[in-house]
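Please walk through this protein model with the sequence and the 3D view side by side.

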Amino acid sequence: MSAGSILGRPSRPGTRRWLASGVAYRERLTLSWWWIVVIAGLILSVAIVYFVYQPPQVAGAVTLALVALAAAVTMAGATRIAVEPSGLRCGHNVLEPSYVGDARALSAEETRHRLGRGADTRGFLVTRFYVPRAVEVTVADPADPHPYWLVSSRHPEELAEAIRRIRP
């Protein structure tokens, strides 16, 4: 960990920060820039076809509708992950510190295994197909039906370390 992150400043530019407000880790999982380029290319190709074969009003309306749909789907698919004093927060779900077990950063291969043959159907998944790595957090509550949380992260080592710090 760099000295900047200890002092409350960002250790690197981006969405991960060590904040004085008590938030130990924050990340927003959104599509990578190249996915946005692919989506824009698809919309552009549909727009070209419509502008060739349809009146400009229809083509413009279809293009605007596709752009609005793509923006809505992209924003709806974004997930916020935060490690706070209140626990691990993934979207609207919170795992309180007293129920946090071990946190382990997984490689891309281990993540694929935990999402495939090595998966437990009772596991709680906060995964995105465009993020290849994840953190596995064991749930230390015997009454919880989920034995673990599998959380996608672009920086799993930092997330796992922040989760370990909030454990009682």
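The paragraphs below go through strands, helices and a surface patch.

This is a predicted model, in which local features need pLDDT of at least 70 and side-chain atom pairs count only at pLDDT 80 or more, while totals for chains, interfaces and linings use all residues. Residues are numbered from 1 along each chain as its sequence is written, and side-chain values use heavy atoms, with hydrogens and water left out.

Start with strand S2, residues 79–84. Helices (H or I, at least four residues) and strands (E, at least two) are DSSP runs, numbered from the N terminus. Five of the six residues of S2 are buried, so the strand is largely enclosed by the rest of the structure. Buried means under 20% relative accessible area, exposed over 50%, and partly exposed in between (1.4 Å probe, protein chains only).

Now look at the partners of S2. Two strands count as paired if DSSP finds at least two bridges between them. Strand S1 (residues 25–29) pairs with S2 in the antiparallel sense over five bridges. Here Leu-29 has Thr-79 of S2 as its bridge partner. Strand S3 (residues 87–90) also pairs with S2 in the antiparallel sense, over four bridges. Ile-81 is bridged to Cys-90 in S3. A hairpin of two residues joins S2 to S3.

Next comes an open sheet of four strands. Its order is S5-S7-S8-S6, and the pairing is mixed. Strands S5 (100–106) and S6 (124–126) stand at the edges with a single partner strand each, so one side of each lacks a neighbour in the sheet. From one strand to the next, the twist averages 15°. Angles run from 0 to 180 degrees between N-to-C directions, with axes fitted to C-alpha atoms, for helices over the stretch in contact. S7 (residues 134–139) and S8 (residues 148–152) run antiparallel, joined by five bridges. Ala-134 has Ser-152 of S8 as its bridge partner.

Helix H4 (residues 108–115) packs on this sheet and touches S5, S6, S7 and S8. Contact means heavy atoms within 4.5 Å. The direction of H4 makes about 120° with that of S5. Helix H5 (residues 156–166) lies across S5, S7 and S8, at about 165° to S5.

Which helix gives the most to the nonpolar patch? Helix H2 (residues 33–53) does, with seven residues. Val-58, in helix H3 (residues 56–77), is partly exposed, with a relative accessible area of 37%.
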